[in-house]
Amino acid sequence: MHNTSQTLRFVLIMTSIVAMLLALLQNGLKSKHDYNEALYSKKATLAAVANQLDIDFSSISSEQVTEIFEKQIKQSVINDEGVVIPKEDLEKDGVKNGKAENLDLVKQDKEPIDERLLPVYEFTKSDGNKYYIVYTRGKGLWDAIWGNIALESDLNTIAGVSFDHKAETPGLGAEIKDNKAWVKQFIGKKLYEPNGEFVGLEVRKGGAKDPMHDVDAISGATITGDGVEEMINTDIVAYDAYFDKLRK
Amino acid sequence: MADTAVVEKKQGLTFGKKERKLLTDPLSENNPITVQVLGICSALAVTTGMKNALVMAIAVVFVCIFANVITSSIRKMIPKSVRMIVQLIIIATLVTVVELVLKAYAFESYKQLSVFIGLIITNCIVMGRLEAFAMANRPYESALDGLGNGIGYGIILLIVAFVREFFGKGEIFGAKILGATPDYWLNTSESSIMGWYQPNNLMVLFPSAMFVIAVIIWAHRAWKPQLVDVS
């Protein structure tokens with residue numbers, strides 16, 4: 001039958017064929033993969049202002065996403081002092097085209113806050129109103145969770161949010177993304193007290209109490225809910241300086 | 001257990017009684033989930049929604065057919081001592097192909113299924129068919145066997161997913177059928193059909209898949225008593 005050298009030869013030939021095949025496929029589809037990934041995160045960004053779009057967000061096409069991004073969104077990258085980083089500097093740092101959409105947000109989240117690069121998307125509605133979409137990232141129960149928070153032009157009232165997660169339990173933690181009614185609760189909540197003090201949001205078990213800052217928690221998803229709260233309250237503070245500048 | 005018999009060597013690609021049996025046997029009499037009790041792990045994992053179950057079923061059918069055909073066509077070359085590893089490589093390759101293709105052409109499904117697609121590699125049905133059937137039969141019969149087993153698996157997956165999604169979320173393929181409207185979180189008074197129904201969260205959790213599969217196995221054996229293992 002087969003001796004050892006024949007077996008080895010068979011395995012070697014087989015693995016090289018397989019490796020070659022997969023490498024070819026991976027390379028061939030790479031541009032499509034990148035395009036899909038980029039589109040997916042663009043769509044998630046737009047989801048935060050879904051109610052402000054002229055078209056129905058649930059049936060939005062890829063072309064429409066790209067078009068809105070080109071026409072109605074001005075993207076910039078800032079640091080925690082509120083300074084807009086020029087495109088050339090970003091390109092030197094390896095951010096493609098110096099655009100916020102090409103920032104490596106996972107990497108940025110690991111940096112200490114004062115070295116972090118933060119994306120800001122300024123969305124102009126067709127009636128001229130401006131919305132600012134900021135990005136937050138934190139921890140759920142199993143793995144990372146992240147979200148796009150859209151603020152109205154007063155930089156206090158939340159106009160909409162969209163969350164996503166890496167590995168939360170379907171039906172429980174994953175509801176932060178899937179449950180539209182839960183996400184809807186965030187609309188109209190305020191981040192700051194009237195005197196300008198930052199209070200953030202609370203995801204409260206047993207029902208929202210404070211109509212300005214409370215959101216009802218999802219039963220069975222306490223840790224994910226706490227993660228959302230923590231993520232919003234810590235990450236938005238980094239944008240504080242930028243908001244202050246905009247208000248002036 | 002009624003295992004599929006080794007098909008006698010024949011020339012030509014005829015579709016007779018034996019071939020039909022290869023295709024239909026795994027649907028009921030020799031169903032991979034309810035009779036062979038294989039592939040339970042993924043049946044637990046992807047059956048929270050019918051859409052995911054359907055994509056998973058299609059992926060498994062694809063992997064089953066091609067893994068069977070490839071293994072069968074090189075079965076005489078595979079050294080006996082490494083045959084399991086070779087089978088594993090074939091399965092892993094096909095699963096990676098499925099993953100890459102989904103990522104390029106069905107990105108939403110890929111996002112939802114990503115982990116579970118990889119888990120097809122560990123799906124015992126695929127490996128079981130390679131070892132039990134494809135290693136001893138021609139590619140043509142192996143393809144039929146793969147198709148039959150893939151569909152047999154997919155049917156049970158869809159039934160389980162239907163029960164879990166319907167009672168767990170009140171939805172079918174993501175469309176609200178039962179229970180209060182999507183606003184139920186905020187507005188419990190407004191309701192759709194059977195608005196009083198409170199979605200049973202237990203059905204969404206993994207243990208429920210065990211109950212549902214067990215009930216299906218029970219019903220299947222009550223319907224076909226010859227499947228009952230008397231030993």
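**Why do we call it that?**

Q: Why does A:Arg204 count as partly exposed?
A: Its relative accessibility is 22%. Buried means under 20% relative accessible area, exposed means over 50%, and partly exposed lies in between (1.4 Å probe, protein chains only). The value of 22% falls in between, so A:Arg204 counts as partly exposed.

A word on the source: this is a predicted model, where local features need pLDDT of at least 70 and side-chain atom pairs count only at pLDDT 80 or more, while totals for chains, interfaces and linings use all residues. Residues are numbered from 1 along each chain as its sequence is written, chains are lettered from A and ligands numbered from 1 in the order in which they are written, and side-chain values use heavy atoms, with hydrogens and water left out.

Q: What makes A:Arg204 and A:Asp214 a salt bridge?
A: A salt bridge needs a side-chain nitrogen of Lys or Arg within 4 Å of a carboxyl oxygen of Asp or Glu. Here the N to O distance is 2.5 Å, so the pair qualifies.

Q: Why is A:Asp214 called buried?
A: Its relative accessible area is 2%, which is under the cut-off for buried.

Q: How do you know that B:Glu29 and B:Lys224 form a salt bridge?
A: The closest N and O atoms are 3.3 Å apart, so the pair is within the limit. B:Glu29 lies in the loop between helix 1 and helix 2 of chain B and B:Lys224 in the segment after helix 9, so the pair ties together parts that are 195 residues apart in sequence (helices are DSSP runs of H or I, at least four residues).

Q: Is B:Lys224 buried or exposed?
A: At 16% relative accessibility, B:Lys224 is under the cut-off, so it counts as buried. B:Glu29, at 29%, is partly exposed.

Q: Why is A:Lys71 called exposed?
A: Its relative accessible area is 64%, which is over the cut-off for exposed. A:Lys71 also forms a salt bridge with A:Glu67, at 3.3 Å, and A:Glu67 counts as partly exposed at 41%.

Q: Which side chains of chain B and chain A meet in a salt bridge?
A: B:Lys103 and A:Glu37 do, at 3.8 Å, N to O. This distance is within the limit, so the pair qualifies.

Technical notes
Helices (H or I, at least four residues) and strands (E, at least two) are DSSP runs, numbered from the N terminus.
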